[in-house]
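Here is a set of questions and answers on one protein model. Please look at the structure first.

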Amino acid sequence: MHKEIMNFSDDIHRYIILEMFLKTLDRDKVHVSQLKMGKILEEWYDQKSNETFQDLKKLRDYLYKQGCKIEKQRSDEFVTEYFVLFRGVTETRTYTNIAIRNWVSHEMRRVLGMEYLTPQDRK
């Protein structure tokens, strides 16, 4: 891994997880309307989706200004690959779908105010 990319590794990881978290919120929101308190939960989903989108946009803009572009390259039932272009240096990041699910679960715990571990806590 290129030294400069390493400095932004946590930000790149956070971008990928926030993007997947936002997709998960949108996908899960469809099922909320069937609940008795569906309207209230839909409002919560909308609020959290908007907050997450703003965080994702800020992070994307920051990374872009640093010379970094991230694109989902391919996905199958086991792994998802992301293409990272950073100041002319390319890198492919491969995540198992189980790992993505776990990181998105951590993000949901954070949003709900529950106990969770950050990447720094795991070190």
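**Pocket, sheet and a buried glutamate**

Helix H2 (9–32), strand S1 (68–75), strand S2 (79–86) and helix H4 (97–112) each supply at least two residues of the lining of the second largest pocket. Helices (H or I, at least four residues) and strands (E, at least two) are DSSP runs, numbered from the N terminus. This is a predicted model: local features need pLDDT of at least 70, side-chain atom pairs count only at pLDDT 80 or more, and totals for chains, interfaces and linings use all residues. Residues are numbered from 1 along each chain as its sequence is written, and side-chain values use heavy atoms, with hydrogens and water left out.

Q: Which element gives the largest share of the lining of the second largest pocket?
A: A pocket is an open set of points on a 1 Å grid over the protein atoms alone, where a 1.4 Å probe fits, with protein on both sides within 12 Å along at least five of seven lines; lining residues have an atom within 4 Å of a point. This lining has 14 residues, with Thr24, Arg27, Ile100, Arg101 and Val104 nearest the centre. The largest share, six residues, comes from H4.

Q: What is the volume of the second largest pocket?
A: Grid points are joined across faces, edges and corners, and a volume is the space filled by probe spheres set on the points. For the second largest pocket that gives about 210 Å³.

Q: Is glutamate 107 buried or exposed?
A: Glutamate 107 sits in helix H4. Beyond residues up to four places away in sequence, glutamate 107 touches Arg14, Ile17, Leu18 and Phe21; contact means heavy atoms within 4.5 Å. Buried means under 20% relative accessible area, exposed over 50%, partly exposed in between (1.4 Å probe, protein chains only). At 5% relative accessibility, glutamate 107 is buried.

Q: Which strands stand at the edges of the sheet?
A: Three strands form an open, antiparallel sheet in the order S1-S2-S3. Two strands pair if DSSP finds at least two bridges between them. One side of each edge strand has no neighbour in the sheet, because each has a single partner strand: these are S1 and strand S3 (89–96).

Q: How many bridges join S2 to S3?
A: Leucine 85 stands opposite threonine 90 in S3. S2 and S3 run antiparallel, and the bridges joining them number eight.
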